[in-house]
Amino acid sequence: MNSKPPAKKRVPRRNLVAIDGTLDKLQRIQISVREVGPDAEPFELRIVHKEAMREYVECNNPACFNGGFSLGEVLREMVSGRQEEFIGTSFCTGQTGDPEELGPHPSCPTRFEVEATIRFR
């Protein structure tokens with residue numbers, strides 16, 4: 001019997017924030033993301049250069065599939081509201097279990113603590 005966790009089913013995601021003009025409005029960016037919850041990765045993602053900005057942060061919970069959250073959406077909301085600081089929590093959009101089995105599947109318990117500071121041009 002194979003004891004490996006099920007393979008994660010990921011849909012390829014485009015980095016829309018890199019092409020939609022959002023970054024053009026910014027002079028400076030500083031974002032940190034910490035993954036919190038059972039089986040969360042004990043690291044912090046730090047972005048201090050606009051070129052490193054990514055649309056999506058993947059969930060590292062091995063039982064999760066199609067998980068993560070849209071960091072690009074957080075940034076777009078900040079820019080549209082001219083909000084220079086954000087501290088908040090985003091929840092994983094994935095589900096846990098074997099994606100090959102018929103659902104329903106429970107929601108992933110992982111959450112992402114986000115702190116962002118941006119400066120406009």
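# Close-up views

**View 1. The side chain of His-105 reaches the backbone oxygen of Glu-101 at 3.0 Å.** A polar contact here is a pair of N or O atoms within 3.5 Å; within protein, one atom must be able to donate a hydrogen and the other to accept it, and residues adjacent in sequence count only if both atoms are side-chain atoms. The model is predicted: local features need pLDDT of at least 70, side-chain atom pairs count only at pLDDT 80 or more, and totals for chains, interfaces and linings use all residues. Residues are numbered from 1 along each chain as its sequence is written, and side-chain values use heavy atoms, with hydrogens and water left out. His-105 sits in the loop between β7 (95–96) and β8. Helices (H or I, at least four residues) and strands (E, at least two) are DSSP runs, numbered from the N terminus. His-105 counts as buried because its relative accessibility is 16%; buried means under 20% relative accessible area, exposed over 50%, and partly exposed in between (1.4 Å probe, protein chains only). Leaving aside residues up to four places away in sequence, His-105 touches Phe-65, Gln-95, Thr-96, Gly-97, Asp-98 and Pro-99. Contact means heavy atoms within 4.5 Å.

**View 2. Four strands form an open sheet in the order β2-β1-β8-β6, with antiparallel pairing.** Strands β2 (44–47) and β6 (85–91) stand at the edges; each has a single partner strand, so one side of each is left without a neighbour in the sheet. On average, and with direction ignored, neighbouring strands of this sheet are turned by 15° against each other. Helix α1 (residues 71–80) packs on the sheet and touches β1, β2, β6 and β8 (111–120). The direction of α1 makes about 40° with that of β8. Axes are lines fitted to C-alpha atoms, for helices over the stretch in contact, and angles run from 0 to 180 degrees between N-to-C directions.

**View 3. Strand β1 (residues 26–36) is joined to β2 by 4 bridges.** The two strands run antiparallel, and Val-33 has Leu-45 in β2 as its bridge partner. β1 also pairs with β8, in the antiparallel sense, over 10 bridges. Here Gln-30 stands opposite Thr-117 in β8. Two strands pair if DSSP finds at least two bridges between them. In the loop between β1 and β2 lies Asp-39, which has a positive phi of about 60° although it is not a glycine.

**View 4. The side chains of Glu-55 and Arg-76 are joined by a polar contact of 2.6 Å.** Glu-55 has its place in the loop between β2 and β3. With a relative accessibility of 9%, Glu-55 counts as buried. In strand β3 (residues 56–58) lies Glu-58, which is partly exposed, with a relative accessible area of 30%. Glu-58 and Gly-94 are 36 residues apart in sequence, and 9.5 Å separates them C-alpha to C-alpha.

**View 5. Asn-66 has a positive phi of about 60° although it is not a glycine.** Asn-66 lies in the loop between β4 (64–65) and β5 (68–70). Asn-66 counts as partly exposed, at 29% relative accessibility. Along the chain, Asn-66 and Thr-96 are 30 residues apart, and their C-alpha atoms are separated by 9.1 Å.

**View 6. Arg-82 lies over the face of Phe-120, at 3.9 Å from the ring centre.** A charge sits over a ring if NZ of Lys or CZ of Arg is within 6 Å of the ring centre and within 35 degrees of the ring normal.

**View 7. The protein as a whole has 1 helix and 8 strands.** Along the sequence these follow the pattern β-β-β-β-β-α-β-β-β. Of the 121 residues in the protein, 36% are buried. Among contacts with a separation of 6 or more, 64% are between residues 24 or more positions apart.
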